[in-house]
Amino acid sequence: QVQLVESGGGLVQAGGSLRLSCAASGRTFTTYAMGWFRQAPGKEREFVAAISWRGNTYYAESVEGRFTISRINAKNPVYLQMNSLKPSDTAVYYCAASSSPSTRTYDYNYWGQGTQVTVSS
């Protein structure tokens, strides 16, 4: 059974940093793109960042310059380094796997269960 497991969420003050991790089990996503999405209460799930298997990165405008997505290789976790956090970044963060990098949720075949990030003002 394929599983994506996120970790690293928590409570942080505005201006602080967190690093999220996403580990895969059950298979390796050697040629898959990995993405991070987030969903705040009462809002739709939205794209945050993605990284192709070649290492090309893509970001939502709202996080460009503050967040960094990275992966060493397909066998290692995918990370989302989040700096200069704002209260508007508060959400459940999900990692997901897709055959190609995309900003659209429906392009992703595998999803983690999510990890809560709360940024206090």
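Good morning, colleagues. What we have is a predicted model, in which local features need pLDDT of at least 70 and side-chain atom pairs count only at pLDDT 80 or more, whereas totals for chains, interfaces and linings use all residues. Residues are numbered from 1 along each chain as its sequence is written, and side-chain values use heavy atoms, with hydrogens and water left out.

Let me begin with Q81. This residue lies in strand β8, residues 78–82; strands here are DSSP runs of E with at least two residues, and they are numbered from the N terminus. Is Q81 buried, exposed or partly exposed? Its relative accessibility is 27%, so Q81 counts as partly exposed. For these classes, buried means under 20% relative accessible area, exposed means over 50%, and partly exposed is in between, using a 1.4 Å probe and protein chains only.

Now to the surroundings of Q81. Leaving aside residues up to four places away in sequence, Q81 touches S17, L18, R19, R66, F67 and T68, where contact means heavy atoms within 4.5 Å. One of these, F67, is 14 residues from Q81 in sequence, and the two C-alpha atoms are 5.5 Å apart.

I turn to the salt bridges. How many does a search of the whole structure find? The search finds 4, a salt bridge being a side-chain nitrogen of Lys or Arg within 4 Å of a carboxyl oxygen of Asp or Glu.

R66, already named as a contact of Q81, meets D89 in a salt bridge of 2.8 Å, N to O. This pair links distant parts of the chain, 23 residues apart: R66 is in the loop between β6 (57–59) and β7 (67–71), and D89 is in the loop between β8 and β9 (91–98). Both R66 and D89 are buried.

Another bridge joins R38 and E46, with the closest N and O atoms 2.6 Å apart. Here R38 is buried, at 6% relative accessible area, whereas E46 is partly exposed, at 36%.

Finally, D107 forms a salt bridge with R104, the closest N and O atoms lying 2.8 Å apart. Salt bridges that share partners join R38, E46, R66 and D89 into one network.

Technical notes: Helix = DSSP H or I, 4+ residues; strand = E, 2+ residues; numbered from the N terminus.
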